[in-house]
Amino acid sequence: MKNITIAIDGFSSTGKSTLAKQLAKELAYVYVDTGAMYRAVAFYAMKNSFIKADFFDKKALIDSLPKIQLEFKFNSDLGFAEMYLNGENVEKQIRTIEVSSFVSKVAEVSEVRSKLVEQQQEMGTNKAIVMDGRDIGTVVFPMAELKIFMTASAETRAQRRFDELQQKGDNVSYDEVLKNVIERDHIDTHREDSPLVIAEDAIEIDNSYLNKEEQFAAVLELVNEVVKTV
């Protein structure tokens, strides 16, 4: 079976990472969560007081980019790779609502995007990769053989994210999560550098009323169809 590149883009909390992990496991492909990379940079900015609710020192972050080393390390117990920032496992820290509130602002910075896109393209040199994010099919891998664009209503996505945070023990309200989802949508779709848009040749999937198994089955069928044609 010929290896291909699978690009999964879409709005926040549409289950991109869940689908990407399922596909990577089924196909024995490499999985790369680009959102974790941007979250790690946002977490670094927070730790160094470069960004706060009403303040963002973009220059300080840009100047510090050479000091930021990102790496995925596979955790055999969990079955997926975790994000390491400068040698420290930050997988749990980068998934908080606080990081979520800053990540889209950090991802707007062109210098940040340039650094991470270059790393992402290097990861996909040999194909056999599933990568999810906001600009994978439009910027990182415009020649990907299969491009998926995932969407769902803001309310549905907020409920999913709220349930996930509740299970982790985070003390947040549904309204707070919904507000964050709507704000991220606006920033992601209106930024000057690589805004979130659907690629012309992407297949759009609205999973508002699909469960994980139904979604996976539908996309796996698409993968098998594409592989036959390449």
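**View 1. Salt bridges in the structure as a whole.** The structure holds 13 salt bridges, a salt bridge being a side-chain nitrogen of Lys or Arg within 4 Å of a carboxyl oxygen of Asp or Glu. Residues are numbered from 1 along each chain as its sequence is written, and side-chain values use heavy atoms, with hydrogens and water left out. In this predicted model, local features need pLDDT of at least 70 and side-chain atom pairs count only at pLDDT 80 or more, while totals for chains, interfaces and linings use all residues.

**View 2. The salt bridge between Asp188 and Arg134.** The closest N and O atoms of this pair are 2.9 Å apart. Helices (H or I, at least four residues) and strands (E, at least two) are DSSP runs, numbered from the N terminus. Both Asp188 and Arg134 are buried; buried means under 20% relative accessible area, exposed over 50%, and partly exposed in between (1.4 Å probe, protein chains only).

**View 3. The salt bridge between Arg161 and Glu164.** Their side chains meet at 2.7 Å, N to O. The two residues are three apart in helix α7 (residues 154-167), and about one helical turn separates them. Arg161 is buried, at 7% relative accessibility, whereas Glu164 is partly exposed, at 34%.

**View 4. The salt bridge between Lys168 and Glu164.** Here the closest N and O atoms lie 3.6 Å apart. Lys168 is partly exposed, with 45% relative accessibility.
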